[in-house]
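User: Hi! Could you walk me through this model?
Analyst: Happy to, here it is.
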Amino acid sequence: MIKAFVTDIDHTLYCSETDSIHPENIKALQQLKDAGIPVIFASSRTMYGTKLVAAETGVISGNNYLISDTGALIYRCRDQKIIFEHAFDSKDVSLVATDLSGTDSLGFSGGYEFWDHPSTTMLYLALNTTS
């Protein structure tokens, strides 16, 4: 008996060459949902991107889940609630910025400006040379 079906999105379910999900895949996912088998999408995409692809399948409701941001967010579709979230601590981001500042460790010379986007669960660190 199948208890749950977990799938990656990019290059597994979603074809980036055609920018779509094959209709047979959508049909199979719908059959799983109709049989009461939870469908779980797991992706390194942001939650926004994961939701967009999952919405194309028609199974972004009921007892299904979305795992995004390389596992940093888990979203339960039935009540549209994030049930797990792990974000980088701003102190850790500061340590990375301090460690890289004034060094040539990234192949750039000169100083760096760092921007941390704390509203996301992924670490987006933008580097811009200042010299």
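User: Let's begin with rings: how many aromatic pairs does the structure hold?
Analyst: It holds zero aromatic pairs, where a pair means rings of Phe, Tyr or Trp (its six-membered ring) with centres within 6.5 Å. Bear in mind that this is a predicted model, where local features need pLDDT of at least 70, side-chain atom pairs count only at pLDDT 80 or more, and totals for chains, interfaces and linings use all residues. Residues are numbered from 1 along each chain as its sequence is written, and side-chain values use heavy atoms, with hydrogens and water left out.

User: OK. What sits over the ring of Y14?
Analyst: That's the charged end of R45, 5.1 Å from the ring centre. The criterion is NZ of Lys or CZ of Arg within 6 Å of the ring centre and within 35 degrees of the ring normal.

User: And which side chain does R45 meet in a salt bridge?
Analyst: The side chain of D10, at 2.7 Å from N to O; a salt bridge needs a side-chain nitrogen of Lys or Arg within 4 Å of a carboxyl oxygen of Asp or Glu. R45 is in the loop between β4 (39-42) and α2 (47-57), while D10 is in the loop between β1 (5-8) and β2, so the bridge ties together parts 35 residues apart in sequence. Helices (H or I, at least four residues) and strands (E, at least two) are DSSP runs, numbered from the N terminus.

User: How exposed is R45?
Analyst: R45 is partly exposed, at 22% relative accessible area, and D10 is partly exposed too, at 24%. Buried means under 20%, exposed over 50%, and partly exposed in between, with a 1.4 Å probe and protein chains only.

User: How many salt bridges are there in the whole structure?
Analyst: Two. R76 forms one with D79, with the closest N and O atoms 2.8 Å apart. Here R76 is buried at 16%, whereas D79 is partly exposed at 38%.

User: Switching to backbone: what's the phi of D19?
Analyst: Near 55 degrees, which is positive in a residue other than glycine. D19 is in the loop between β2 (14-15) and β3 (20-21), and counts as exposed at 55% relative accessibility.

User: What about Q80?
Analyst: Q80 isn't a glycine either, yet has a positive phi of about 50 degrees. Its place is the loop between β6 (73-76) and β7 (81-85), and at 62% relative accessibility Q80 counts as exposed.

User: Last one: how many helices and strands does the protein have?
Analyst: Three helices and nine strands, running β-β-β-α-β-α-β-β-β-α-β-β from the N terminus.

How values were computed:
Phe/Tyr/Trp six-rings, centres within 6.5 Å; stacked < 30°, edge-to-face > 60°.
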